[in-house]
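Below are some comments for a colleague looking at the strand pairing and the charged contacts of this model. Please read them alongside the coordinates.

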Amino acid sequence: MKVCTLNISILILLDISAAFDTVSHTILLNRLSVYLGLSGTALSWFHSYLSNRQPFVTIGKSSSPPAPVNQGVPQGSVLGPLLFNIYMLPLGEIIRRHGLNFHSYADDTQLYISTNPSSQLPPLSLVNCLRDIQAWMSKNLLKLNNNKTELMVVAPKTLLRKVGDLLLTIDGGSIHPSPEVRSLGVTLDSSLTFNSHIRSTVKTAFFHLRNISRLRPTLPDPVAETLIHTFISSRLDYSTVALVYAMSRRRPRIVRRCWVHTILRKRLQRGEYHVLVQELRLNGVLFQQYFRMSKDAFDELLGKVGPLIAKADTRMRLSIGPAERLAICLRYLATGDSYRTIAFSYRVGHATVAVIVKEVAGAIWTALVEETMPVPQTEDWRAIAAGFQERWNFPNCVGAIDGKHVVIQAPAWLLAVVDAQYLFRVVDVGGFGRSGDSGSLRNSAFGEGLRDGSLQLPPDTVIPGAERLGLLPHVFIGDEAFPLLDNLLRPFPGRQLTRERRLFNYRLSRARLVVECAFGILSSQWRMFRRVITTSPEVTELCVKATCVLHNFLRRKTIGRSSRTPVVPVVAESSDEAPTLRDAPMMGSNNATCRSIQLRETFCSYLNEEGVVSWQHKVV
């Protein structure tokens with residue numbers, strides 16, 4: 001079938017009901033005589049072959065009475081398809097008379113015609129041909145099966161859209177075009193890509209190959225070769241011409257000449273992990289600059305995530321060890337380099353790096369989240385509130401909240417609650433798209449818990465020394481982008497504020513600075529956040545959550561020391577490297593309730609009277 005780039009081809013696969021069983025002996029003998037010129041003894045042989053057949057069924061010693069067969073050709077014999085083709089000889093004359101092309105193999109007959117998509121569809125010649133075919137079959141005791149007769153339009157995809165809903169009517173039944181049809185064991189599709197046929201053939205061949213491989217140790221070589229030719233080679237060799245045509249229409253592909261590139265085979269001798277990283281272990285400062293953590297922290301982390309990321313060796317090749325997999329993931333988080341850059345350095349495939357980063361980042365979150373970021377309970381909130389009172393002189397504060405844009409192709413939100421020790425206590429990653437802090441809070445699991453009261457916050461308490469204010473709730477503190485709620489304080493808006501309100505804003509912003517510092521430490525330590533992240537949203541979410549628990553994992557080791565500087569010192573970077581943890585814009589309105597407004601006034605009164613500190617008046 002030749003497909004013209006300007007025309008479409010209409011293919012019809014005719015199906016005859018019980019074709020071999022409905023052949024008339026009288027008509028068949030007439031065909032042998034008229035079309036082939038048989039007579040005398042030769043014709044008598046065929047008459048004897050077809051007549052006086054009386055099949056019966058035998059089960060054990062019992063047999064059914066013989067039943068005479070007056071029509072049909074014997075199936076399962078060499079003569080069966082040949083006699084049926086002779087019976088169908090006049091059909092070819094009818095098809096040629098209408099100008100259609102056709103192929104016939106026994107009871108499989110295919111009609112096809114090429115036509116312009118802008119002309120009448122279906123073509124009149126095709127409609128008339130089908131009508132004459134149906135009439136001829138009725139005269140010759142054959143019946144066209146409408147339910148199994150198939151129609152397919154073959155054309156380039158651009159022309160298929162112009163065809164519309166093509167409809168053929170045969171013997172009162174409607175036939176619609178099919179996207180795929182199966183003819184003589186080959187699956188054809190509308191664009192002749194043969195993709196479905198290739199997938200099916202490969203799947204079947206692999207199935208038999210797996211079964212043969214299981215039996216191979218017990219099979220002699222000749223038997224194994226016979227099985228390969230019987231179940232695999234025969235399928236691959238079938239319809240080779242059609243498959244070669246399909247492959248010739250595809251763009252040339254790079255032929256892979258080896259399982260692993262020769263450069264990657266030297267990973268154990270020259271890969272970055274096996275050379276540079278081992279040398280860095282001799283220098284603690286350089287090791288920490290490379291991985292953003294000390295050797296002891298790396299080894300401790302490896303002990304926690306190693307069992308989750310270990311892979312088994314196979315007979316084909318050795319697996320990449322858990323230490324090297326962890327090193328690849330940490331290097332990506334620490335630098336934000338492309339997968340290909342890291343792949344060249346570590347001498348592994350870039351697709352392997354993509355898989356490792358995704359799996360190891362998820363394993364880090366799984367291994368560390370319960371230890372470093374457990375779900376806060378009531379006593380945990382009390383401890384956080386005590387820490388804010390002690391370090392930041394802000395009462396009943398259970399966390400500073402903020403949201404940041406993680407810049408990827410579709411910006412993602414990182415919503416976090418940080419305690420007085422710069423530790424992330426709650427993180428929520430998602431909201432891929434554009435939204436403000438308030439929208440991010442509203443759509444997050446944390447925001448839902450804040451609204452329905454399921455965060456297990458401590459009950460309202462009286463601040464010591466301020467009994468006149470009564471019971472006050474425990475609150476989170478955020479910037480102007482967040483709404484004012486009963487359990488969420490934000491600064492007073494505007495510029496023309498009283499001195500008391502400006503003092504409140506200063507004290508709140510001073511305490512809220514911990515969340516900004518935590519984000520600063522996070523992006524300084526894990527330089528992934530200083531680049532536009534090009535991974536998928538799913539991998540980005542795993543990496544962001546992994547860096548948050550790693551931040552807590554490393555930060556807990558510094559609590560109690562006199563220094564509160566970041567674990568990794570900030571190194572000056574090039575001017576074109578912009579932080580990608582960006583502040584959130586103001587989105588939506590903040591219509592607070594009267595109780596929320598009154599609670600903020602109460603906290604403002606406390607910070608200006610009972611909770612005053614000596615130095616605040618020097619600042620504001």
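1. A salt bridge is taken here as a side-chain nitrogen of Lys or Arg within 4 Å of a carboxyl oxygen of Asp or Glu. By that rule the count comes to 22 salt bridges. The model is a predicted one, in which local features need pLDDT of at least 70 and side-chain atom pairs count only at pLDDT 80 or more, while totals for chains, interfaces and linings use all residues. Residues are numbered from 1 along each chain as its sequence is written, and side-chain values use heavy atoms, with hydrogens and water left out.

2. Glu516 forms a salt bridge with Arg512, their closest N and O atoms being 3.2 Å apart. Both residues lie in helix α20, four residues apart, about one turn of the helix; helices (H or I, at least four residues) and strands (E, at least two) are DSSP runs, numbered from the N terminus. Glu516 counts as partly exposed at 22% relative accessibility, where buried means under 20% relative accessible area, exposed over 50%, and partly exposed in between, with a 1.4 Å probe and protein chains only. Salt bridges that share partners join Asp402, Lys404, Arg512 and Glu516 into one network.

3. Arg512 also forms a salt bridge with Asp402, for which the closest N and O atoms are 3.9 Å apart. Because Arg512 lies in helix α20 (residues 499-525) and Asp402 in strand β11 (residues 397-406), the pair ties together parts that are 110 residues apart in sequence. Arg512 is buried, with a relative accessible area of 12%, and Asp402 is likewise buried, with a value of 2%.

4. A further salt bridge is formed by Arg131 with Asp132, with 3.8 Å between the closest N and O atoms. Arg131 is partly exposed at 47% relative accessibility, and Asp132 is partly exposed as well, with a relative accessible area of 22%.

5. Turning to the strands, β1 (residues 8-14) and β6 pair in the antiparallel sense over five bridges, pairing being assigned if DSSP finds at least two bridges between two strands. Within this pairing, Leu11 stands opposite Met152 in β6. How many of the five residues of strand β6 are buried? Four of the five residues of β6 (residues 150-154) are buried, so this strand is largely enclosed by the rest of the structure.
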